[in-house]
Amino acid sequence: MVKAYLGLGSNIGEREIQLQEAIKILDSFKGVEVTQISDIYETEPVGYTEQPLFLNLCVEIETNLNPQDLLARCLDVEQQLHRVRVISWGPRTLDVDILLYDDLIIEEENLSIPHPRMTERAFVLTPLNDIAPNRVEPRSHQTIQNLVMVDDTVKKYKR
């Protein structure tokens, strides 16, 4: 079993419920166990900004799936929660990204690990820091707590 970290986001529909459902679905897959869940943060959209605010969180999982099989499960979760890809970086019911997989660096046509923009995104690093502050990001060789940035647009979500 290896540890992997996933970033989840939602900005249309019942955002919090969709995140909770995604975690349940992930945990139900054979070979995947959700072991930690960060707090939820409400964040501004990035890229395409004419859309609602996001709710974001990160989860730590233990898995015996290889990275490609884990990617397939992440895409399956998105599909089960009615993800539609219309606009690049556009609104979505759910987004599930593999942020880290053990300490591997993977560059394949459909998969880049660590996630290629995670170190630029407070909406990823802030919740990841909740559950993995001492985890080393393999490209920069920095811990998550050293990479996390203060960003006023990332606010802890109040239910």
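**View 1. Glu60, a buried partner in a salt bridge.** Glu60 is buried, at a relative accessible area of 4% (buried means under 20% relative accessible area, exposed over 50%, partly exposed in between, with a 1.4 Å probe and protein chains only). The model is predicted: local features need pLDDT of at least 70, side-chain atom pairs count only at pLDDT 80 or more, and totals for chains, interfaces and linings use all residues. Residues are numbered from 1 along each chain as its sequence is written, and side-chain values use heavy atoms, leaving out hydrogens and water. The side chain of Glu60 meets that of Lys3 in a salt bridge, 3.7 Å from N to O (a side-chain nitrogen of Lys or Arg within 4 Å of a carboxyl oxygen of Asp or Glu). Glu60 sits in strand 4 (residues 54-63) and Lys3 in strand 1 (residues 2-10), so the pair ties together parts 57 residues apart in sequence. Helices (H or I, at least four residues) and strands (E, at least two) are DSSP runs, numbered from the N terminus. Lys3 is partly exposed, at 31% relative accessibility. The structure holds 6 salt bridges.

**View 2. The salt bridge between Asp39 and Lys156.** The closest N and O atoms of this pair are 2.8 Å apart. Asp39 lies in the loop between strand 2 (32-37) and strand 3 (41-43), and Lys156 in strand 10 (residues 155-156); the two are 117 residues apart. Asp39 is partly exposed, with a relative accessible area of 34%. Lys156 is also partly exposed, at 47%.

**View 3. The salt bridge between Glu107 and Arg139.** Here the closest N and O atoms are 2.4 Å apart. Glu107 is exposed, at 52% relative accessibility. Arg139 is partly exposed, at 39%.

**View 4. The largest nonpolar core, with 29 residues.** A nonpolar core is a set of buried Ala, Val, Leu, Ile, Met, Phe, Trp, Tyr and Cys residues joined through side-chain atoms within 4.5 Å. Leu6, Leu8, Val59, Ile61, Leu70, Val77 and Ile98 touch the most other members. Elements giving two or more residues include strand 1, helix 1 (15-28), strand 4 and helix 2 (67-80). Helix 1 gives the largest share, 5 residues.

**View 5. Val59 and its contacts.** Contact means heavy atoms within 4.5 Å. Leaving aside residues up to four places away in sequence, Val59 touches Ala4, Tyr5, Leu6, Leu8, Ile23, Val34, Gln36, Ile37 and Ile131. A second, separate core has 16 residues, among them Cys58, Leu128, Ala132 and Leu147.
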